[in-house]
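Hello,

Here is the structure I said I would pass on. Please open it first, then read the notes below with it on your screen.

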Amino acid sequence: MNCHRAEKLISRLVDGRLEAGTAAGLEEHLKVCPACAQLRVDYRKMKSLMSDLRFPETEPLPYFEQRLRARLKAESRPSLWAVVERWYAAAVPVFLVVAMILVGILFLAQPAEVQLSQSEMLLFQEQSSLTEARAIFDAQKPEDRQLQLLFAGLDSQEAVRRGKQ
Ligand SMILES: [Zn+2]
């Protein structure tokens, strides 16, 4: 047996995966070849080191599963502060969106409402009939309302003028 073949077989010998005949031949070479004998020593060291390292990973620690479950249970039961914190984190964006919508509504609604209330006051001061005013309030579009209010104002002014004549 030469060194090249011996090197290939040493790992199988140490692992106990070498058939008896080949193992005997390798043992003969290792007796006379210090380099290959040293290789077997090194391989044995490496193997024991690897098994030492692998042991904690493959074998779970005692009560590992129980401790894991207890840990998960504890984490799934949130503390009061965690609940408040989570609610707050969710509430802030919602509050901002609601506030923005409210501000938007106020900005959009305010000018039309102010104009309308002034016109309405004029209308009431001129004592137009209540049904006419109701129809104007029921009009959906602000433009329509303005037009109706304008015409109602002209009509009532004319009525006043006619009354004076
Ligand atoms: Zn050798």
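Confidence comes first, since this is a predicted model. The mean pLDDT of the protein chain is 77, and 67% of its residues reach 70 or more. Helix α2, residues 20-32, has the highest confidence, with a mean of 94. Confidence is lowest in helix α6, residues 130-138, where the mean is 63.

Next, the overall make-up. The protein chain contains seven helices and zero strands. Of the 165 residues in the protein chain, 7% are buried.

On contacts, take the pairs in the protein chain with a separation of 6 or more: 60% of these contacts join residues 24 or more positions apart.

Which residues make up the largest nonpolar core? There are six: Ala6, Leu9, Ile10, Leu26, Leu30 and Cys36. Helix α1 (3-15) and helix α2 each supply at least two residues of this core. The helix that gives the most to this core is α1, with three residues. Helix α2, one of the two contributors named above, is also the helix with the highest mean confidence.

Leu30 belongs to the largest nonpolar core. What is Leu30 in contact with, leaving aside its neighbours within four places in sequence? The answer is Cys36, Ala37 and Arg40. Of these, Cys36 is itself listed in the core.

Regards

Note on methods
Residues are numbered from 1 along each chain as its sequence is written. This is a predicted model: local features need pLDDT of at least 70, side-chain atom pairs count only at pLDDT 80 or more; totals for chains, interfaces and linings use all residues. Helices (H or I, at least four residues) and strands (E, at least two) are DSSP runs, numbered from the N terminus. A residue is buried if 20 or more other C-beta atoms lie within 10 Å of its own, exposed if 12 or fewer, and partly exposed in between; C-beta atoms are placed from the backbone. Two residues are in contact if their C-beta atoms, placed from the backbone, lie within 7 Å. pLDDT is the predictor's confidence in each residue, from 0 to 100. A nonpolar core is a set of buried Ala, Val, Leu, Ile, Met, Phe, Trp, Tyr and Cys residues joined through C-beta atoms within 7 Å.
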